[in-house]
Every structure is written in structure tokens, then in C-alpha cells.
Amino acid sequence: MDQASKIADLNDLLRCHHIGGRVMITQGIQALDQDAVTEIIAAVAAFSDFTPDNDPYHEHDCAVMTVGDEHRIIWKIDAYDREMTFASPNPADPAVTVRVLTIMLADEW
């Protein structure tokens with residue numbers, strides 16, 4: 001398996017199952033009602049429409065999407081070193097990486 005495929009698998013594990021890292025929502029997401037928050041988190045987990053335009057490196061690390069009729073969101077996954085100070089030295093290796101999934105409203109970007 002190549003490096004990008006390993007990273008994509010680890011990113012999908014975090015995004016879909018919240019395993020292997022941290023999931024953060026921004027203040028804009030937190031301010032929504034609980035049903036909207038639940039719907040957004042579920043939509044991020046179910047996302048599978050990766051294309052060369054939104055996933056040029058094949059790592060499944062970011063997307064922009066609309067949830068429901070009104071919530072335009074961005075989600076992104078960053079890979080940090082274990083101390084969460086710098087980028088991971090090897091994002092394909094969970095032993096040296098902490099993944100962080102951030103879910104935000106598009107206008108918070």
C-alpha cells in the first residue's frame with residue numbers, strides 16, 4: 001500500500017468512526033441546535049465523493065459540502081507530531097501522528 005493510501009485509510013477511520021485522533025467542532029457549529037450538529041457530524045462521516053478536484057493527493061483530508069438546505073461546511077484533517085507542536089514527520093505512521101478533524105461552517109474559514 002502506498003503512502004497516500006495509508007494516510008487516506010487513517011483519515012477515513014477518524015472521519016467515519018472517530019478513531020485514531022481528535023474531532024473538533026468550531027464555535028459556529030457549536031452554536032447550532034443539537035439536531036443540526038448531529039446531522040453535520042453524520043454527513044461528514046458519510047462523505048465519499050472524493051474527486052481529483054477536492055482530493056488531489058488522494059489522502060481524504062478535506063472537503064467542502066452542504067448539509068441540509070442551509071449549512072455549508074468545511075471539514076479538514078491535520079496530522080501533527082505527538083506533542084501537537086509541528087506537522088507529523090510521517091502522517092502514514094499512527095505511532096508518530098496525532099490526527100485532528102476540524103468541522104466548521106464555511107464562513108468561519
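A disulfide is counted where two cysteine sulfur atoms lie within 2.5 Å of each other, and in this predicted model the sulfur of Cys 62 is 15 Å from the closest cysteine sulfur, that of Cys 16, which is too far for a bond. The count of disulfides therefore comes to 0 under that cut-off.

- Four strands make up an open sheet, in which the order is β1-β4-β3-β2 and the pairing is mixed.
- Because β1 (residues 21–25) and β2 (residues 62–67) stand at the edges and have a single partner strand each, one side of each is left without a neighbour in the sheet.
- On average, and with direction ignored, neighbouring strands of this sheet are turned by 20° against each other.
- Strands of a sheet pair through backbone hydrogen bonds, and they do so in either a parallel or an antiparallel way.
- The parallel sense is found between β1 and β4 (residues 98–105), which pair over 5 bridges, and here Gly 21 has Arg 99 in β4 as its bridge partner.
- The antiparallel sense is found between β3 and β4, which are joined by 8 bridges, and Trp 75 stands opposite Ile 103 of β4.
- β2 and β3 also pair in the antiparallel sense, over 6 bridges, with Val 64 having Ile 74 in β3 as its bridge partner.
- The hairpin of β2 and β3 has 3 residues between the strands, and in this hairpin Gly 68 takes a positive phi near 65°.

- Helix α1, which covers residues 3–17, lies across β1, β3 (residues 71–80) and β4, and the helix runs at about 55° to β4.
- Arg 15 and Asp 12 are 3 residues apart in helix α1, so about one helical turn separates them.
- Both partners are buried, Arg 15 with a relative accessible area of 2% and Asp 12 at 18% relative accessibility.
- Gly 20 has its place in the loop between α1 and β1, and this glycine counts as exposed, at 55% relative accessibility.
- Leaving out residues up to four places away in sequence, Gly 20 touches Leu 14 and Arg 99.

**The largest nonpolar core**

- In soluble globular proteins, nonpolar side chains tend to be buried together.
- The largest nonpolar core in this model has 17 residues, and those that touch the most other members are Ile 29, Val 44, Met 65, Ile 73, Trp 75, Leu 101 and Ile 103.
- Two or more residues of this core come from each of the elements α3 (residues 34–46), β2, β3 and β4, and α3 gives the most, with 4 residues.

- Lys 76 and Gly 20 are 56 residues apart in sequence, and their C-alpha atoms are 15 Å apart in space.
- Thr 102 lies in strand β4 and counts as buried, at 17% relative accessibility.
- When neighbours within four places in sequence are left aside, the residues in contact with Thr 102 are Met 24, Thr 26, Ile 74, Trp 75 and Lys 76.

**The two cysteines again**

- Seen from the other partner, the sulfur of Cys 16 has its closest cysteine sulfur in Cys 62, at 15 Å, and this is too far for a bond.
- Both cysteines are partly exposed, Cys 16 at 28% relative accessibility and Cys 62 with a relative accessible area of 27%.

Methods. Residues numbered from 1 in each chain as written. Predicted model: local features only at pLDDT ≥ 70, side-chain atom pairs only at ≥ 80, totals over all residues. Heavy atoms only, no water. Pairing = 2+ DSSP bridges. Axes fitted to C-alpha atoms, helices over the stretch in contact; angles between N-to-C directions. Contact = heavy atoms within 4.5 Å. Buried < 20%, exposed > 50% of the residue type's maximum accessible area, 1.4 Å probe, protein only. Core = buried A, V, L, I, M, F, W, Y, C linked by side-chain atoms within 4.5 Å.
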